[in-house]
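Please look over the sequence and the model below before reading on. The text takes up helix packing, then charged pairs.

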Amino acid sequence: MSEEFYTLKIAGVERQLKRFAVSDSLDIAAFILFGDVELTEACAKALLDKCPEFDYIVTPEAKSIPLAYEMSRISGKKYIVARKAVKVYMDNPIEYTVRSITTQKEQTLYLGHEDGDLLKDKKILILDDVISTGESLKAVIGLVEAFGGNIVASVAPLAEGDAADRTDIVFLEKLPLFFK
């Protein structure tokens with residue numbers, strides 16, 4: 001395919017990822033699990049094979065939700081979503097603000113006590129679709145720690161750019177950044 005796409009091979013599945021500019025000097029390849037059941041199922045199984053024992057999965061809204069669901073279904077463990085906005089049903093939510101490469105602005109994540117209180121003294125698996133700068137991960141870690149959860153691993157199908165050199169995350173494949 002042309003250089004407008006990046007060929008990704010992950011968990012036995014191959015996909016052509018479209019490249020998008022995030023600045024004048026940088027493109028990223030878009031990894032989208034929404035609607036791709038085969039890819040979501042394959043990544044969920046492969047990640048669970050690499051994960052330590054856990055009690056709950058916590059994931060930021062929104063692109064990693066299908067993966068959290070599938071990992072929850074397979075493992076029998078509940079997943080909790082750190083939301084991008086406060087919902088009326090959230091009991092006294094805690095917030096954490098970050099700046100993410102894909103949103104290109106400040107992003108605040110929220111977790112209410114109805115879910116957060118479940119995390120106290122539990123083994124927590126933090127899940128995202130791609131770990132790049134680590135900002136979204138940092139927000140979820142902050143929320144889990146605020147509720148007294150014990151983080152056993154931070155996992156994602158892909159580590160983008162320099163994130164692949166990190167030793168504190170679990171991932172399946174490296175996703176390059178494309179500098180112009």
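A crossing of two helices is left-handed if the near helix is turned anticlockwise from the far one by less than a right angle, and right-handed if clockwise. Helices (H or I, at least four residues) and strands (E, at least two) are DSSP runs, numbered from the N terminus. This is a predicted model, in which local features need pLDDT of at least 70 and side-chain atom pairs count only at pLDDT 80 or more, while totals for chains, interfaces and linings use all residues. Residues are numbered from 1 along each chain as its sequence is written, and side-chain values use heavy atoms, with hydrogens and water left out.

The crossing of H1 and H2 is right-handed. H1 covers residues 37-50 and H2 residues 65-75; they pack at an angle of about 55 degrees, and their axes are 9 Å apart. H1 is therefore oblique to H2. Axes here are lines fitted to C-alpha atoms, for helices over the stretch in contact, and angles run from 0 to 180 degrees between N-to-C directions. Angles under 35 degrees count as roughly parallel, over 145 as roughly antiparallel, 65 to 115 as roughly perpendicular and the rest as oblique.

Where do H1 and H2 meet? On the H1 side the residues are Thr40, Glu41, Cys43, Ala44, Lys45, Leu47 and Leu48, and on the H2 side Pro66, Leu67, Glu70, Met71, Ile74 and Ser75. Contact means heavy atoms within 4.5 Å. By class, the contact of H1 with H2 has 8 nonpolar, 2 polar and 3 charged residues. Ala, Val, Leu, Ile, Met, Phe, Trp, Tyr, Cys and Pro count as nonpolar, Asp, Glu, Lys and Arg as charged, and the others, Gly among them, as polar.

Side chains of opposite charge can pair when their charged atoms come close. A search of the whole structure finds 13 salt bridges, each a side-chain nitrogen of Lys or Arg within 4 Å of a carboxyl oxygen of Asp or Glu. One of them joins Lys123 and Glu53, at 2.8 Å from N to O. This pair links distant parts of the chain, 70 residues apart: Lys123 lies in strand E8 (residues 123-127), Glu53 in the loop between H1 and strand E4 (56-60). Lys123 is partly exposed at 28% relative accessible area, and Glu53 is exposed at 58%. Buried means under 20%, exposed over 50%, and partly exposed in between (1.4 Å probe, protein chains only).

Asp27 also forms a salt bridge, with Arg19, the closest N and O atoms being 3.4 Å apart. Asp27 is buried, with a relative accessible area of 11%.
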